[in-house]
Amino acid sequence: MPRTAYVNGRYVPHGHAQVGIEDRGYQFADGVYDVVPVVKGAFIDEDWHWERLERGLAELRIDQPVNRKTLSMIAHRIAQRNMIENGIVYVQVTRGEAPRDHKFPTKPVPPALVVTGRHLTMPDDFSQARMIDVITGPDLRWARPDIKSISLLPNVLAKQAAAEAGAYESWLVNANNEITEGSSANAWIVHRDPESGRVILRTHQSDQAILKGIVRTALVALAEKHQWAIEEQPFTVEELMSADEAFQSSSGNMIRPVRTVDGRTIGSGEPGPVVQEILNAFADYVSAQSG
Ligand code: PLP
């Protein structure tokens, strides 16, 4: 079936979709994006994705190309036209096309909107997740990764380093030897409070140093419901290595338990009991939206 893309007001064959060579996204990475997961034809946590996109646009002072209702309509139409049962819808907004000049165009230009869809193979049951191997590497990104900017070169290099090491993901380490997040996912550990023995989930606080992932937000809400203890604060590489369990969260891959970090096995090397409980709860959470 031929793929369809949406580009600046038109639905066009994916292979013929084009933006101008002076689009500021192409020349300056001057734009933002979002990725909405589609499960059994349903968009998961759709509004949270639009909220994040709108926030990023406001931070960069890029106008919204269309209002939220219209964007949602376009995204659903792309999912339908591409017959996406399971997959993602990708939305990108740039400051538009203008003669190359670092500062914002003096004559206002409309922001450019591109929406595409892609099929992904997803598990029938989200409680059954494949484990991943992770490497660590320096967090070389700019100081505002909370904005989902299309400027992803450090993330690209980190992911490539993981692939070349035979791993799936790179977890990024800041100047304090703490993990901020993965190159395309939020990073979590499970550990026990040494005094009380209580099981605690830990992930970096949602400040300017990380992207506030939508799956992360869903897990924080589920934690409240299930009374899991969460510490929103960084963990060091040493704390990661001695954690009972570790996992990552993202819309593209949902929840993935970590088997090894830099070749060292985390916990038992199998999905631990806490991660399994989280996977079960998250599978129910997705089913409640997708049927
Ligand atoms: N952190 C980074 C750097 C990401 O690129 C992503 C997703 O692409 C995430 C975290 C997870 O965000 P979400 O759960 O919204 O997919």
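**Group meeting: aromatic rings and the ligand site**

Let's start in helix α7, residues 273–290. Phenylalanine 282 and tyrosine 285 both lie there, three residues apart, about one turn of the helix. Helices here are DSSP runs of H or I with at least four residues, strands are E runs of at least two, and both are numbered from the N terminus. Both of these residues, phenylalanine 282 and tyrosine 285, are buried. Buried means under 20% relative accessible area, exposed means over 50%, and partly exposed is in between, with a 1.4 Å probe and protein chains only.

A word on the model. It is predicted, so local features need pLDDT of at least 70 and side-chain atom pairs count only at 80 or more, while totals for chains, interfaces and linings use all residues. Residues are numbered from 1 along each chain as its sequence is written, and side-chain values use heavy atoms, leaving out hydrogens and water.

Now the rings. How many aromatic pairs does a search of the whole structure find? Five. Rings of Phe, Tyr and Trp (its six-membered ring) pair if their centres lie within 6.5 Å; planes under 30 degrees apart are stacked, over 60 edge-to-face, the rest tilted. Take tyrosine 6 and tyrosine 11. Their centres are 5.2 Å apart and their planes stand at 70°, so this pair is edge-to-face. Tyrosine 6 is buried, at 8% relative accessibility. Tyrosine 11 is partly exposed, at 23%. Back to phenylalanine 282 and tyrosine 285: that pair is stacked, 5.8 Å centre to centre, with 25° between the planes.

The charged end of arginine 81 sits over the ring of tyrosine 11, 4.4 Å from its centre. Arginine 95 does this with phenylalanine 104, at 3.6 Å. The rule: NZ of Lys or CZ of Arg within 6 Å of the ring centre and within 35 degrees of the ring normal.

A polar side-chain atom of glutamate 181 lies 2.6 Å from a ligand nitrogen. One of lysine 148 lies 3.1 Å from a ligand oxygen. A polar backbone atom of valine 215 is 3.0 Å from an oxygen of the ligand.

How values were computed
A polar contact is a pair of N or O atoms within 3.5 Å; within protein, one must be able to donate a hydrogen and the other to accept it, and residues adjacent in sequence count only if both atoms are side-chain atoms.
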